[in-house]
Amino acid sequence: MNEGTVERRMGNSKPLLLLAVLLLAGCAGVKDTSRTFQTVVIDPGHGGKDPGAHSRRGGLEKANALDVALHVNDDLRRAGLRTVMTRTCDVFIPLNDRAAISNMQENAVFVSIHFNDSRNHGIRGVEAYYNSGPAAQLAGRIETNLGRIAPIRFRKFARFRVLRYNQYPAVLIECGYLSNNSEAGLCASPAYRAKLADGIAQGVIEQRYGEEAARRLAEAAPAAAQRPSAPRSNWSPESLSR
Ligand SMILES: [Zn+2]
């Protein structure tokens with residue numbers, strides 16, 4: 001290859017390069033993997049030095065969120081989905097890293113799990129947040145399932161960082177208010193948290209496989225609330241990120 005050829009080729013590649021840049025810019029939005037995803041990134045909110053919300057009756061948000069997330073992980077793996085958890089123990093993970101863990105996956109959706117807090121102690125119920133159209137549908141499926149066990153407050157667009165920096169459909173679920181006395185009492189119960197987890201997982205499974213297939217799966221593999229809890233000592237980050 002002589003220099004002339006190289007120069008011509010480089011010259012020809014300029015419009016292509018420009019096109020690639022434009023395409024990349026166009027792809028800066030969320031990839032719609034909401035019906036094809038193979039991986040679910042499960043993000044237990046807070047952790048380590050960041051306890052999140054807390055109340056005497058409801059306990060710590062970071063601990064409740066991790067417990068729900070571990071059950072969701074269990075349910076989803078039983079349904080044949082690959083899962084990745086942003087944390088599996090009481091450790092602080094920056095928000096950007098949580099989104100980055102999601103963005104490293106090939107074909108995923110992202111579910112962040114939280115518990116809520118308000119100065120108005122009368123407020124209770126579940127909230128779901130999303131940052132894109134495909135994520136709105138996933139948030140709706142999860143809320144419909146959670147609605148069987150808890151009052152639903154709303155489903156809303158939000159610009160939370162874990163959602164905004166995510167290239168995949170991403171939702172954030174507020175499972176209940178630790179500041180509300182009766183809801184805090186429920187959230188402190190492992191059995192209730194297992195039901196919350198089952199609702200979240202069922203919503204994800206319905207979104208992926210459709211309602212009918214999800215129902216058959218649920219019959220074949222009993223959900224977390226119907227099973228004795230797995231000994232936590234057997235959990236390891238390696239076994240959870242498969
Ligand atoms: Zn939170």
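Two strands are taken to pair if DSSP finds at least two bridges between them. Helices (H or I, at least four residues) and strands (E, at least two) are DSSP runs, numbered from the N terminus. On that basis, Val41 in the structure above stands opposite Phe110 in β5.

The structure is a predicted model, in which local features need pLDDT of at least 70, side-chain atom pairs count only at pLDDT 80 or more, and totals for chains, interfaces and linings use all residues. Residues are numbered from 1 along each chain as its sequence is written.

**Confidence and overall content**

pLDDT is the predictor's confidence in each residue, from 0 to 100. Its average over the protein chain is 86, and 81% of the residues score at least 70. Residues are in contact if their C-beta atoms, placed from the backbone, lie within 7 Å. Over residues 1-13 pLDDT stays under 50, and the model has 1 contact beyond four places in sequence for them. Over residues 17-27 pLDDT also stays under 50, with 0 contacts of that kind.

The protein chain contains 9 helices and 8 strands. Of its contacts with a separation of 6 or more, 80% come from residues 24 or more positions apart. A residue is buried if 20 or more other C-beta atoms lie within 10 Å of its own, exposed if 12 or fewer, and partly exposed in between, with C-beta atoms placed from the backbone. Buried residues account for 46% of the 242 residues in the protein chain.

**The sheet**

Six strands form an open sheet in the order β4-β1-β5-β8-β6-β7, and the pairing is mixed. Because β4 (82-85) and β7 stand at the edges with a single partner strand each, one side of each is left without a neighbour in the sheet. On average, neighbouring strands of this sheet are turned by 20 degrees against each other, direction ignored. Such angles run from 0 to 180 degrees between N-to-C directions, and axes are lines fitted to C-alpha atoms, for helices over the stretch in contact.

| Strand pair | Sense | Bridges | Residues standing opposite |
|---|---|---|---|
| β1 and β4 | parallel | 4 bridges | Thr39 and Arg82 |
| β1 and β5 | parallel | 6 bridges | Val41 and Phe110 |
| β6 and β7 | parallel | 5 bridges | Glu127 and Phe154 |

In a regular strand the side chains alternate between the two faces of the sheet. In β1, both faces are covered: Thr39, Val41 and Asp43 are buried on one side, and Val40, Ile42 and Pro44 on the other. In total, 6 of the 6 residues of β1 are buried.

Helix α4 lies across β5, β6, β7 and β8, and runs at about 170 degrees to β6. Strand β6 (residues 126-130), helix α4 (residues 133-146) and β7 make a right-handed β-α-β unit. Right-handed here describes a crossover whose path from the first strand over the helix to the second runs clockwise with the strands pointing away from the viewer.

**Nonpolar core**

A nonpolar core is a set of buried Ala, Val, Leu, Ile, Met, Phe, Trp, Tyr and Cys residues joined through C-beta atoms within 7 Å. The largest one has 59 residues, of which Val40, Ala69, Val111, Ile142, Val171, Ile173 and Ile200 touch the most other members. Helix α7 (residues 190-209) gives the most to this core, with 8 residues. Leaving aside neighbours within four places in sequence, Ile142 is in contact with Ala128, Val171, Ile173, Gly199, Ile200, Gly203 and Val204.

**Two individual residues**

Asp67 is found in helix α2. Asp67 counts as buried because it has 21 C-beta neighbours inside 10 Å. Not counting residues up to four places away in sequence, Asp67 touches Pro190 and Arg193. The C-alpha atoms of Asp67 and Cys89 are separated by 9.6 Å, and the two residues are 22 residues apart along the chain.

His46 has its place in the loop between β1 and β2 (54-55). Phi of His46 is near 60 degrees, a positive value in a residue other than glycine. His46 is buried, with 24 other C-beta atoms within 10 Å.

Terms used. Contact = placed C-beta atoms within 7 Å.
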